[in-house]
Amino acid sequence: MKTSGEKNSAMAHKQRLRTSDETFLGASHPLEGQTVMVVGGSSGIGSAVAQRAASHGASVVIVSRQASRFDDGEPSSKRIRYHHMDITQEADRKSLAKRSETIDHLVFAVRSAGSSAPFLQTTQEQAKEAFEVKFWGVYSFIQAIYPCMAAQSSITLTSGITGEKIIPGASSMAAINSATETLCRQLAVELAPIRINAVSPGFVAPKPEPLERRARDFPQRRLASPNDVAPAYIELMMSSYRTGTIVVVDGGARLV
Ligand SMILES: NC(=O)c1ccc[n+]([C@@H]2O[C@H](COP(=O)([O-])OP(=O)(O)OC[C@H]3O[C@@H](n4cnc5c(N)ncnc54)[C@H](OP(=O)(O)O)[C@@H]3O)[C@@H](O)[C@H]2O)c1
């Protein structure tokens with residue numbers, strides 16, 4: 001027979017296990033008071049992750065080249081600070097690493113410049129340029145900021161559906177996303193005990209009309225919103241035993 005103390009402790013344990021972003025029932029959220037840096041957090045998926053982390057009580061630093069494209073006046077935004085830099089620039093990376101506080105969770109949601117084109121119409125220069133931000137920028141940023149990472153911290157990368165599903169005209173992104181997922185598994189071993197995971201989004205709004213129409217054939221019958229994808233990042237921050245994994249959030253798009 002369990003004593004009431006044992007029952008309470010079992011209940012607290014159960015609550016701790018319910019770490020889903022939406023269903024956490026503990027007294028305080030696990031992200032409360034943690035420092036979360038979101039590189040590429042000024043718009044789209046990164047912005048949704050930054051706002052969600054702040055709403056859970058985290059102290060959030062958004063890293064991007066320009067000022068935020070959102071300012072909703074929500075109380076959570078008081079917990080958000082900005083650092084403006086270009087992650088492809090070594091001097092910028094060094095300067096941030098020198099000034100940064102200890103980081104509990106680091107998220108990358110940067111997008112490469114340029115648009116996709118068929119393989120035969122993509123020059124090597126264009127393909128290399130696409131790698132500059134999303135792959136090499138992230139790679140070098142991790143090396144620079146590594147001394148600022150807390151021992152029990154996490155890094156969440158962003159890959160994308162083209163890393164798994166072949167979509168004609170997306171060869172550069174396919175290569176970048178596959179490389180990102182391989183880097184994720186490699187760093188999970190080399191940088192342990194820091195946990196490294198990746199989120200692979202499908203098609204996230206806004207998108208041109210033809211893609212929006214195509215999304216109606218996906219199992220979920222629509223494009224994702226950034227808020228559909230953001231909870232996966234929060235859960236990866238909170239999942240203390242998860243590393244080297246890729247979380248797909250695509251509404252089933254890769255299946256059809
Ligand atoms: N949207 C989708 O359908 C989709 C699908 C699959 C995968 N993904 C991936 O998800 C990630 C986020 O996509 P998104 O659509 O949410 O992107 P987004 O809205 O275009 O946001 C990109 C972010 O990256 C920042 N950024 C770009 N270049 C930078 C640089 N050199 N230095 C610092 N910050 C930089 C941007 O801010 P500044 O411009 O101010 O620097 C912005 O905050 C990307 O990796 C993308 O490939 C997206």
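Ile-62 has Tyr-82 in strand E3 as its bridge partner. Strands, like helices, are DSSP runs numbered from the N terminus (at least two residues of E for a strand, at least four of H or I for a helix). The model is a predicted one, where local features need pLDDT of at least 70, side-chain atom pairs count only at pLDDT 80 or more, and totals for chains, interfaces and linings use all residues. Residues are numbered from 1 along each chain as its sequence is written.

**The sheet**
- Strand E2 (residues 59–64) runs parallel to E3, and 5 bridges join them; two strands pair if DSSP finds at least two bridges between them.

**Helices H4 and H5**
- The axes of H4 (residues 124–145) and H5 (residues 171–190) come within 9 Å and cross at roughly 20°; axes are lines fitted to C-alpha atoms over the stretch in contact, with angles from 0 to 180 degrees between N-to-C directions.
- That makes H4 roughly parallel to H5 (angles under 35 degrees).
- Where they meet, the residues include Phe-131 in H4 and Ile-176 in H5, contact being C-beta atoms, placed from the backbone, within 7 Å.

**Met-238**
- Met-238 lies in helix H7 (residues 226–238).
- Met-238 is buried, because 20 other C-beta atoms lie within 10 Å (20 or more count as buried, with C-beta atoms placed from the backbone).
- Its C-alpha atom is 9.4 Å from that of His-105, 133 residues apart along the chain.

How values were computed. A residue is buried if 20 or more other C-beta atoms lie within 10 Å of its own, exposed if 12 or fewer, and partly exposed in between; C-beta atoms are placed from the backbone. Angles under 35 degrees count as roughly parallel, over 145 as roughly antiparallel, 65 to 115 as roughly perpendicular and the rest as oblique. Two residues are in contact if their C-beta atoms, placed from the backbone, lie within 7 Å.
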